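Please look through the sequence and the model below before reading on.

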Amino acid sequence: MPYLVADHLPAEPAGRRFRNLLARPGILRLPGAHNGLAALQAKAAGFDALYLSGAAMTASMGLPDLGIITVDEVAFFIRQIARAAGLPLLVDGDTGYGEALNVMHMVRSFEEAGAGAVHIEDQLLPKKCGHLNDKKLASLPDMAAKIAAAARARRDLVIVARTDAAASEGLDGTIERARAYVEAGADAIFPEALTSEDMFAEVARRLPGVPLLANMTEFGRTPAITGARFEEMGYRMVIWPVSSLRVAARAQEELYAALVRDDATTAMLPRMQTRAQLYKTLGYHDYEALDLSIVTTVIPVLGAA
């Protein structure tokens, strides 16, 4: 139903709703949603929570994922996704956009925009995708201070600490950092860019009782693993961060190539969402019904009188 109707809005803060989902049995599956329309489609497919990827967000803006964007730009995406789907949202907070005070500002801004959770990584700027080379890490004490600052700033927001230590410090460094981040106030740990199922299982074995998040991005260092398998290994969350953006971008690429080739979009019609399908996804007529002065839209049919 339209977000304009107060009775249909969630009664609990997003952070509390995210915590409730984490408390349920089973793994929490979080598909990436890079805008409000993707969020509506993911909700319609049956997902209970969503993920906003910094890589997908920046790519949709025509920018690389190098820590260029600002807190306010991310908050714009949070608001549209939270408004569209009303589902708890885990947000990529990159490095926290600075040091302790910046991290606290990020937490307050994201929580007020409607986020349910945020993850903060232990890279230094310019940060990189976790599956790329030559990542530079913050010191353990500096990152722990950021996590402590985030925990102090939040009301209900779930704080996930991401560590990119596997590539340079191995599993021992990953575990040491994870334990320090939990002690500093992190609710969960995100071990990034692990390269085998055995590594994921070892992290879970060495961090008993710690909620863990697995990243199932495509074209990276991690092999394809199902959500069910991550659950068997003891993980509580799994994300597919850029999948929706990758599919949408490929489809757009093919559309523009067809338009140049054919001077028409006819060949792409079978791959398009129809006007009726789009309006159903958006709840178009539900919005119209809120104002009786708006005449109900009749969808045009080609060839009809």
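A residue is called buried if its relative accessible area is under 20%, exposed if that value is over 50%, and partly exposed in between. The model to which these terms are applied here is a predicted one. Phe77, with a relative accessible area of 9%, is therefore buried. Phe76 has a relative accessibility of 48%, so this residue counts as partly exposed.

A pair of aromatic rings is described by the distance of the centres and the angle of the planes. The structure holds 6 aromatic pairs. One of them is formed by Phe76 and Phe77, whose ring centres lie 5.8 Å apart and whose planes stand at 90 degrees, an edge-to-face arrangement.

Another pair is made by Phe200 and Phe230. Why is the pair of Phe200 and Phe230 edge-to-face? Planes over 60 degrees apart count as edge-to-face. The planes of Phe200 and Phe230 are at 70 degrees, with the ring centres 5.0 Å apart, so the pair meets this description. Phe200 belongs to helix 8 (residues 197-206) and Phe230 to helix 9 (residues 227-233); the pair therefore ties together parts that are 30 residues apart in sequence. Both partners can be judged by the definition of burial given above. Phe200 counts as buried, at 1% relative accessibility, and Phe230 is buried with a relative accessible area of 0%. Ring pairs also bring in Tyr235, which is linked with Phe200 and Phe230 into a cluster.

Aromatic rings can be partners of charged groups as well. In this model, the charged end of Arg83 sits over the ring of Tyr3, at 5.6 Å from the ring centre. Arg162 lies over the face of Phe190, 5.5 Å from the centre of that ring.

Three strands form an open sheet in the order 1-8-7, and their pairing is parallel. Which strands stand at the edges? They are strand 1 (28-31) and strand 7 (213-215); each has a single partner strand, so one side of each is left without a neighbour in the sheet. From one strand to the next, the twist averages 20 degrees.

The pairing can be followed strand by strand. Strand 1 is joined to strand 8 (residues 237-240) by 4 bridges, and the two run parallel. Within this pairing, Arg29 has Val238 in strand 8 as its bridge partner, while Leu30 has Ile239 in strand 8. Strand 7 pairs with strand 8 over 3 bridges, also in the parallel sense. Here Leu213 stands opposite Met237 in strand 8. Helix 9, which holds Phe230, takes part in this region too: strand 7, helix 9 and strand 8 make a right-handed β-α-β unit.

Finally, the chain may be viewed as a whole. The chain contains 12 helices and 8 strands. Its radius of gyration is 21 Å, close to the 19 Å that the globule rule gives for 305 residues, so the chain is as compact as a globular protein of that length. Along the principal axes, the C-alpha atoms fill a box of roughly 70 × 45 × 35 Å. Of the 305 residues, 46% count as buried; Phe77, Phe200 and Phe230 are among the buried residues.

Notes. Residues are numbered from 1 along each chain as its sequence is written. This is a predicted model: local features need pLDDT of at least 70, side-chain atom pairs count only at pLDDT 80 or more; totals for chains, interfaces and linings use all residues. Side-chain values use heavy atoms; hydrogens and water are left out. Rings of Phe, Tyr and Trp (its six-membered ring) pair if their centres lie within 6.5 Å; planes under 30 degrees apart count as stacked, over 60 as edge-to-face and the rest as tilted. Buried means under 20% relative accessible area, exposed over 50%, partly exposed in between (1.4 Å probe, protein chains only). A charge sits over a ring if NZ of Lys or CZ of Arg is within 6 Å of the ring centre and within 35 degrees of the ring normal. Two strands pair if DSSP finds at least two bridges between them. Axes are lines fitted to C-alpha atoms, for helices over the stretch in contact, and angles run from 0 to 180 degrees between N-to-C directions. A crossover is right-handed if, with the strands pointing away from the viewer, the path from the first strand over the helix to the second runs clockwise. The radius of gyration is taken over C-alpha atoms; the globule rule is 2.2 Å times the number of residues to the power 0.38.
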